[in-house]
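Work through the exercises below with the model open beside you. Try each task before reading its solution.

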Amino acid sequence: MRSRVILALACAIACVALGAAAAFETRASRLQAINTVGIVSAIGEEMSLTQAGLTALGNTGQSLSISAWGLDDIIVQQATRLLSGRFRVQPVTYRRAAFAAIRDSAVAPVNLLRSDPFKELVRSDVTPQGLDAYVVITRARSKLGNGRNVEGVGLAEYRTLLADYGLVHALYEVRIVDGKTFDVIEKRAAAPLDNTGTVRIAGPSGPVDETLGGTASSERLRAAITDLIARSLPVTLGDMHLIDSQ
């Protein structure tokens with residue numbers, strides 16, 4: 001009986017491994033066939049202000065407009081420069097607000113069951129159609145401290161009995177959408193740049209300089225956010241095998 005169980009487990013593991021290998025092969029071959037790409041970015045119109053920890057009970061999140069920063073245009077420029085070594089990048093037009101408005105459900109299983117909402121937006125809202133693929137860069141979500149969600153671009157403060165900690169974050173995910181079938185070939189969230197901070201978050205972030213302040217108009221705050229994106233985007237695209245690993 002025991003030998004049968006072991007054999008069944010071995011067969012199951014083998015099936016999973018073969019399935020993963022087949023999926024990787026399919027993804028690699030689909031990436032290999034891509035020549036022309038368009039880039040969509042919709043993460044940078046608002047910045048969240050979040051408090052977490054002991055003093056955050058009952059506090060609601062706030063947000064400020066940072067549209068004047070032109071952050072999405074900067075992301076498109078950086079992604080174009082990085083991807084142009086391998087692909088022919090063509091400018092595209094799209095309703096940025098429509099892409100930015102999509103949010104994951106707070107109920108995690110719903111996100112697993114529903115179709116990726118960005119597929120239909122690429123089909124209906126991006127011009128021109130007919131490119132081999134579209135690289136779609138949108139907000140990602142993570143948890144901070146006591147479990148409060150943060151997403152996209154933001155400034156977060158975490159308080160304990162002994163000290164206050166602050167960080168800026170630029171959480172985003174990248175999708176590769178097939179330009180013919182509109183299937184999502186791959187999706188990946190940008191990973192943390194390091195894990196040395198006192199308060200950790202699952203995405204690009206960094207400690208707040210005491211002189212940085214909390215104002216959304218701060219040029220130093222803008223520079224800190226753009227630096228997070230500039231350092232993390234090559235790593236993320238490299239992990240997705242779109243460019244040589246950095």
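**Exercise 1. Which residues have the most contacts inside the largest nonpolar core, and which elements supply it?**

Step 1. The largest nonpolar core has 35 residues. A nonpolar core is a set of buried Ala, Val, Leu, Ile, Met, Phe, Trp, Tyr and Cys residues joined through side-chain atoms within 4.5 Å. Buried means under 20% relative accessible area, exposed over 50%, and partly exposed in between (1.4 Å probe, protein chains only).

Step 2. Ile 34, Leu 83, Ile 137, Ile 176, Ile 225, Leu 237 and Leu 242 have the most contacts inside this core.

Step 3. At least two residues each come from β1 (36–42), α2 (71–83), β5 (133–139), β8, β9, β10 (172–178) and α6 (219–239). Helices (H or I, at least four residues) and strands (E, at least two) are DSSP runs, numbered from the N terminus.

Step 4. α6 gives the most to this core: six residues.

Step 5. A second, separate core has 16 residues, including Ala 98, Phe 118, Leu 121 and Val 126. In soluble globular proteins, nonpolar side chains tend to be buried together.

Before going on, note the ground rules. The model is predicted: local features need pLDDT of at least 70, side-chain atom pairs count only at pLDDT 80 or more, and totals for chains, interfaces and linings use all residues. Residues are numbered from 1 along each chain as its sequence is written, and side-chain values use heavy atoms, with hydrogens and water left out.

**Exercise 2. What does Leu 242 touch?**

Step 1. Set aside its neighbours within four places in sequence. Contact means heavy atoms within 4.5 Å.

Step 2. Leu 242 then contacts Leu 31, Leu 83, Arg 86, Phe 87, Ile 176 and Leu 237.

**Exercise 3. Which residues of α5 are buried, and where do they pack?**

Step 1. In α5 (residues 117–125), Phe 118, Leu 121, Val 122 and Asp 125 are buried.

Step 2. These residues cover an arc of only 105 degrees around the axis, so they sit on the same side of α5. The arc is that of the directions from the helix axis to the C-beta atoms.

Step 3. The buried residues of α5 pack against α3 (96–100), β5 and β10.

Step 4. Asp 116 caps the N-terminal end of α5, with a side-chain oxygen 2.9 Å from the backbone nitrogen of Phe 118.

Step 5. In the loop between α5 and β5 sits Pro 128. A cis peptide bond joins Thr 127 and Pro 128, with omega about 0 degrees.

**Exercise 4. Is His 169 buried or exposed, and what stands opposite it?**

Step 1. His 169 is in strand β9. Its relative accessibility is 0%, so His 169 counts as buried.

Step 2. Gly 154 stands opposite His 169. β8 and β9 (residues 164–170) pair in the antiparallel sense over seven bridges.

Step 3. Five of the seven residues of β8 (residues 153–159) are buried, so β8 is largely enclosed by the rest of the structure.

Step 4. A polar side-chain atom of His 169 lies 2.8 Å from the backbone oxygen of Gly 152.

**Exercise 5. Compare Phe 182 and His 241: where is each, and is it buried or partly exposed?**

Step 1. Phe 182 is in the loop between β10 and β11. Its phi is near 65 degrees, a positive value in a residue other than glycine. Phe 182 is buried, at 6% relative accessible area.

Step 2. His 241 is in the segment after α6. Its phi is also positive, about 65 degrees. His 241 is partly exposed, at 44%.

Terms used: Pairing = 2+ DSSP bridges. Polar contact = N/O pair within 3.5 Å; in protein donor to acceptor, adjacent residues only side chain to side chain.
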